Amino acid sequence: MRRPERLAEALREEIIEIVGYELVDPRVQSVTVTDVQVSDNLRDAKVFVMIAGDEREIKDAMSALQH
């Protein structure tokens, strides 16, 4: 496995831990981290999430995650 892929997997596991167990914000209860992609130079990462709920709940959850 290439280094960006290993880092992406490590980041995904850490983000799952933080979102699932450490954040106390009720807006992120319906958030599931699905994937993380890291650029080849390891400078950028994209985190993909799935959010259950209506448009308002999705907007609130994204706002909480960005904060």
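**Surface, fold and selected residues of the predicted chain**

The chain has an accessible surface of about 5300 Å², of which 49% belongs to carbon and sulfur atoms; accessible areas come from the Shrake-Rupley method with a 1.4 Å probe, and for residues only the protein chains shown count as cover. The model is predicted, so that local features need pLDDT of at least 70 and side-chain atom pairs count only at pLDDT 80 or more, while totals for chains, interfaces and linings use all residues. Residues are numbered from 1 along each chain as its sequence is written, and side-chain values use heavy atoms, with hydrogens and water left out.

Along its principal axes, the C-alpha trace spans about 40 × 20 × 20 Å. Of the 67 residues of the chain, 16% count as buried, where buried means under 20% relative accessible area, exposed over 50%, and partly exposed in between (1.4 Å probe, protein chains only). The chain carries 9 positive and 14 negative side chains, and the centres of the two sets lie 7 Å apart. In this count Lys and Arg are positive and Asp and Glu negative, with His and the chain ends not counted, and the place of a charge is taken as NZ of Lys, CZ of Arg, CG of Asp or CD of Glu.

Two helices and two strands are found in the chain, and from the N terminus on these elements run α-β-β-α; helices (H or I, at least four residues) and strands (E, at least two) are DSSP runs, numbered from the N terminus. Strand β1 (residues 31–38) pairs with strand β2 (residues 45–51) in the antiparallel sense over seven bridges, pairing being assigned if DSSP finds at least two bridges between two strands. Within this pair, V36 stands opposite V47 in β2. The two strands, β1 and β2, form a hairpin with six residues between them, and L42 in the turn has a positive phi of about 65°.

L42 is also in contact with L7, as is V38, when the neighbours of L7 within four places in sequence are left aside; contact means heavy atoms within 4.5 Å. L7 itself is found in helix α1 (residues 3–22) and is partly exposed, with a relative accessible area of 33%. Between L7 and S39, 32 residues apart in sequence, the C-alpha to C-alpha distance is 10.0 Å. P26, in the loop between α1 and β1, is exposed, with a relative accessible area of 57%, and lies 9.2 Å from A64, C-alpha to C-alpha, although P26 and A64 are 38 residues apart in sequence.
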